[in-house]
Amino acid sequence: MAAPTSALRAHLVWDWNGTLLHDTDVVIEATNASFAEIGIAPITLERYRELFCVPIPLFYERLIGRLPTDEEWAVMDETFHRHYFARAETAGLTDGAAALLAAWQDAGQTQSVCSLAEHGRLGPWLTRLGIDRHFVRVDGNTGTGSLSGKAAQMARHLDALHRMLDGLDPDRAVVIGDATDDARAAAQAGARAVLYTGGSHSRRSLLSAGVPVVDTLAEAVAVAGELLGVRGTSR
């Protein structure tokens with residue numbers, strides 16, 4: 001199938017952690033391991049989803065009533081990543097993700113990944129799970145963006161896509177993610193967003209972003225297709 005022109009192309013920008021990758025249980029385990037290092041009680045998934053936000057230090061302030069000290073932050077950050085990556089191999093794709101990626105590509109449309117996961121790990125991760133071939137571009141975090149949010153990275157990502165894809169405009173892209181930060185980043189870059197409840201945020205939290213909120217990735221792709229005027233791209 002010939003590629004659509006930039007005016008007709010519908011593009012999906014996928015978040016990784018908590019969206020395509022079902023790693024929520026791993027995140028909770030690593031979070032509680034980091035909390036234990038400084039004497040914070042374990043957190044449940046439900047409470048995590050109610051409180052989680054970006055920038056990350058604000059999440060800890062919501063939880064413990066104050067910002068962590070520099071020393072506490074260093075300990076928690078190191079502990080979280082050590083425990084997370086020790087368990088990350090157990091995380092697989094979200095149910096139905098592989099088929100949805102293939103269907104969107106088979107429909108002649110394009111998609112990419114913009115994530116705050118470490119860039120050097122992200123590409124091999126996609127390859128290991130057998131989905132790397134579906135993406136025209138993959139951008140992970142190369143700096144400190146995970147502390148301040150995704151907005152600047154999303155702007156760079158969409159600018160690169162504009163150059164790669166024959167002038168693709170941001171309003172022909174929909175970001176699919178699991179965090180209110182994904183919606184903010186999309187809006188600031190001129191794109192739209194659909195948020196998925198299976199990751200880091202509660203439904204109530206996601207609804208505050210003012211964008212469509214869905215419970216499955218199949219629904220997310222269907223809603224994105226409607227926003228972009230594309231139908232019949234989910235399986």
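This is a predicted model: local features need pLDDT of at least 70, side-chain atom pairs count only at pLDDT 80 or more; totals for chains, interfaces and linings use all residues.
Student: Are H5 and H11 roughly parallel or roughly antiparallel?
Tutor: Their axes come within 9 Å and cross at roughly 25 degrees. Angles under 35 degrees count as roughly parallel. H5 and H11 are therefore roughly parallel.

Student: And by class, how many nonpolar residues does the contact of H5 with H11 have?
Tutor: From H5, Ala97, Leu100 and Trp104 take part, meeting Leu217, Ala218, Val221, Gly225 and Leu228 of H11. By class, this contact has one polar residue and no charged ones, while the nonpolar residues number seven.

Student: Moving on to the rings, are Tyr60 and Trp73 stacked or edge-to-face?
Tutor: A search of the whole structure gives ten aromatic pairs. For Tyr60 and Trp73, the ring centres are 5.7 Å apart and the planes stand at 70 degrees. Planes over 60 degrees apart fall in the edge-to-face class, so the Tyr60–Trp73 pair is edge-to-face.

Student: How many residues apart in sequence are the parts that this pair ties together?
Tutor: Tyr60 belongs to helix H3 (residues 56–64), whereas Trp73 belongs to helix H4 (residues 70–87). The parts tied together by Tyr60 and Trp73 are apart in sequence by 13 residues.

Student: What about Phe80 and Tyr84: is that pair stacked or edge-to-face?
Tutor: Both lie in helix H4, four residues apart, which is about one turn of the helix. Phe80 is buried at 18% relative accessible area, and Tyr84 is buried at 4%. Their ring centres are 5.9 Å apart with planes at 15 degrees, so the pair is stacked.

Student: Which residue lies over the face of Phe85?
Tutor: For an Arg, the CZ atom has to be within 6 Å of the ring centre. Here the distance from the Phe85 ring centre is 3.6 Å, and the residue over the face is Arg121.

Student: Now the backbone: what is omega for the cis peptide bond that joins Val54 and Pro55?
Tutor: Pro55 sits in the loop between helix H2 (45–51) and H3. The bond from Val54 to Pro55 is cis, with omega at about 5 degrees.

Student: Is Asp166 buried or exposed?
Tutor: Asp166 is part of the loop between helix H8 (151–164) and strand E6 (173–177). Although not a glycine, Asp166 has a positive phi of about 55 degrees. With a relative accessibility of 57%, against a cut-off of over 50%, Asp166 counts as exposed.

Student: Finally, is Leu20 buried or exposed?
Tutor: Leu20 is in the loop between E1 and strand E2 (21–22). Beyond its neighbours within four places in sequence, its contacts include Trp14, Ala97, Leu101, Phe135 and Leu217. At a relative accessible area of 0%, Leu20 is buried.

Technical notes:
Residues are numbered from 1 along each chain as its sequence is written. Side-chain values use heavy atoms; hydrogens and water are left out. Rings of Phe, Tyr and Trp (its six-membered ring) pair if their centres lie within 6.5 Å; planes under 30 degrees apart count as stacked, over 60 as edge-to-face and the rest as tilted. Helices (H or I, at least four residues) and strands (E, at least two) are DSSP runs, numbered from the N terminus. Buried means under 20% relative accessible area, exposed over 50%, partly exposed in between (1.4 Å probe, protein chains only). A charge sits over a ring if NZ of Lys or CZ of Arg is within 6 Å of the ring centre and within 35 degrees of the ring normal. Axes are lines fitted to C-alpha atoms, for helices over the stretch in contact, and angles run from 0 to 180 degrees between N-to-C directions. Angles under 35 degrees count as roughly parallel, over 145 as roughly antiparallel, 65 to 115 as roughly perpendicular and the rest as oblique. Contact means heavy atoms within 4.5 Å. Ala, Val, Leu, Ile, Met, Phe, Trp, Tyr, Cys and Pro count as nonpolar, Asp, Glu, Lys and Arg as charged, and the others, Gly among them, as polar.
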